[in-house]
Amino acid sequence: MGKATGFLEYNRVESKALSPLDRIKNFNEFHIMLSLKEQSEQGARCMECGVPFCQYGESIKGMTSGCPLHNLIPEWNDMVFRGNYEQAYYRLKKTSNFPEFTCRVCPALCEKACTCGLNGDSVSVRENERAIIEYAYEKGIAKANPPKNRTQKKVAVIGSGPAGLAAADDLNRRGHSVTVFERNDAVGGLLRYGIPNMKLEKWVIDRKISIMEEEGVEFKTCVEVGKDLASKELLKDYDAVVIATGTGNPRDINAPGRDVEGIYFAVDFLTDATKQLYPDTAVAPKNLSAKGLDVIVIGGGDTGNDCVGTCIRQGAKSVKQLEMMSAPPKERRESNPWPQWPLVLKTDYGQEEAIAVFGSDPRIYETTVKEFKKDKKGKLKSAVLVSLEAKIDKKSGRRMMVPVEGSEKEVPCQLVLIAAGFLGTKKYIFDAFNLEADERTNIKGINGSHLTSQKSIFTAGDAHTGQSLVVKAIADGKKCALEVDSFLMGYSNL
């Protein structure tokens, strides 16, 4: 695949990003795509490796290696090299429902498993994918293709995040009549309100949703099933139900002063920031803002980084990002060989911007908040930070991060954003459908399947697996759709 000697002739070249000081002036996407000729050279770097780990997508030592969608990456890399973008699009769509999303927000598991990256730079798979899908839209190839026949079966999908959309898309293509219920005022779930505009502008979502509507999928927003719509009514009207509501319980931090005004969960803050960019939304924003404030972000992951980038765009006075664990190494350890996911330090866009604006990396490792303090008006004024160190618990044998005595330090802050992950699905969903929970408080599937303890009710995405990546949610939504189709028809050709 690709040019036989391409990986020797061409260096990896990525799309150019606007400088940090330029891109923080707005919330727009900031990467400038390569020309098709330049992208062709990047496709040429795919090296016909024989065993394409890029499309493996399974777990190695608890970490996913390669694409969970099993995208036919070497095939469409070759087509990019040859300039055959239309055929590349058809090969891409055989496995991927939403390349317009993954090419923007996926951490590129495929690239980390690329054989070319074993002794050099990996193939720029994600940018090749973006070139393919954007070419397809530009040329009118990515258009609605409604099913020719309908099965007369009706499916309700609860939640319009990546898993719900993937399940809905596959089931509709199969010919089932699909209705998607979304509790928010716009379709997209995590994609709409959990990921900021500079990573995924919302017209990208609207463009795809418009096509899905043309193909027959019906979307109903501002409907919270189990509250606004009784589960009994839903089960009476539909032959099958897919619950893809995500993990709605954000992990909190337990520290004195937690109830003081000025502390928010990251997802609520990011949702509000996005709504401020779209004032015509059905539910008005609260207009939360970091402008002129000292900010502490608790959590070192992607969501924490998104909070850093958002706060900087809003004009924060300072931003600190706390991470309980130690800093990862700059290079792979021998215990973390290719093609495992590389456990190495990366500096994401938000951290790059903080360095440019404030002169230093915002991340503070092995640190957490011990106490929040308020002013005379009851608002947050500062936080007491404490250093952590790793110790082995004698009883359990587990490695734990424990406070270092005497390491406390008080720092000013008027805004704290908690980006510490999520813990399971909201309780009312379990109550509404009388579902069982697994040991991680996710919706339990029977015998490892997507079918719940209730006949005709299935679950997909983070509600089923726990918090994960967009690409994994899409893959799980597709697996769920196959099981639903088999349940409805006695077999599946998905």
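Q: Which residue follows helix 8, and what is its phi?
A: G140 follows helix 8, and its phi is positive, near 75°. Helices here are DSSP runs of H or I with at least four residues, strands are runs of E with at least two, and both are numbered from the N terminus.

Q: Before we go on, what kind of model is this?
A: This is a predicted model, where local features need pLDDT of at least 70 and side-chain atom pairs count only at pLDDT 80 or more, while totals for chains, interfaces and linings use all residues. Residues are numbered from 1 along each chain as its sequence is written, and side-chain values use heavy atoms, with hydrogens and water left out.

Q: Ok, back to helix 8. How many residues does it have, and how far does it reach?
A: Helix 8 covers residues 125–138, which is 14 residues, and it reaches 20 Å from its first C-alpha to its last. That is close to the 20 Å expected at 1.5 Å a residue; the expected span is 1.5 Å times one less than the number of residues.

Q: Why is helix 8 described as largely enclosed?
A: Because 11 of its 14 residues are buried, helix 8 is largely enclosed by the rest of the structure. Buried means under 20% relative accessible area, exposed means over 50%, and partly exposed is in between (1.4 Å probe, protein chains only).

Q: Switching to the nonpolar core: which residues touch the most other members?
A: In the largest nonpolar core, which has 67 residues, those are V155, L165, V242 and V484. A nonpolar core is a set of buried Ala, Val, Leu, Ile, Met, Phe, Trp, Tyr and Cys residues joined through side-chain atoms within 4.5 Å. Helix 18 (residues 470–489) gives the largest share of this core, 9 residues. Apart from it lies another core, of 18 residues, with F269, V308, A316 and A354 among them.

Q: What is L165 in contact with?
A: Leaving aside neighbours within four places in sequence, L165 is in contact with F98, F101, S160, V187, L191, I209, M212 and F219. Contact means heavy atoms within 4.5 Å.

Q: Now sheets. What is the strand order in the open sheet of 5 strands?
A: The order is 9-17-10-11-12, with parallel pairing. Two strands pair if DSSP finds at least two bridges between them. Strand 9 (263–265) and strand 12 (363–365) are the edge strands, each pairing on one side only. The twist averages 20° from one strand to the next.

Q: Which helix lies across strand 10, strand 11 and strand 17?
A: Helix 14 (residues 302–314) does, running at about 175° to strand 11. Axes are lines fitted to C-alpha atoms, for helices over the stretch in contact, and angles run from 0 to 180 degrees between N-to-C directions.

Q: How do strand 14 and strand 15 run, parallel or antiparallel?
A: Antiparallel, with 5 bridges joining strand 14 (residues 380–392) to strand 15 (residues 399–403). They form a hairpin with 6 residues between them, and G397 in the turn has a positive phi of about 80°. K391 stands opposite M400 in strand 15.

Q: What about E408, where is its place?
A: E408 sits in the loop between strand 15 and strand 16 (409–412). At 35% relative accessibility it counts as partly exposed. The side chain of E408 makes a polar contact with the side chain of K370 (2.8 Å). A polar contact is a pair of N or O atoms within 3.5 Å; within protein, one must be able to donate a hydrogen and the other to accept it, and residues adjacent in sequence count only if both atoms are side-chain atoms.

Q: And N172, buried or exposed?
A: At 1% relative accessibility, N172 counts as buried. N172 lies in helix 9 (residues 162–174), and a polar atom of its side chain lies 3.0 Å from the backbone oxygen of E215.

Q: Last one: which residues does the cis peptide bond join?
A: W338 and P339, with omega about 5°. P339 lies in the loop between strand 11 and helix 15 (349–358).
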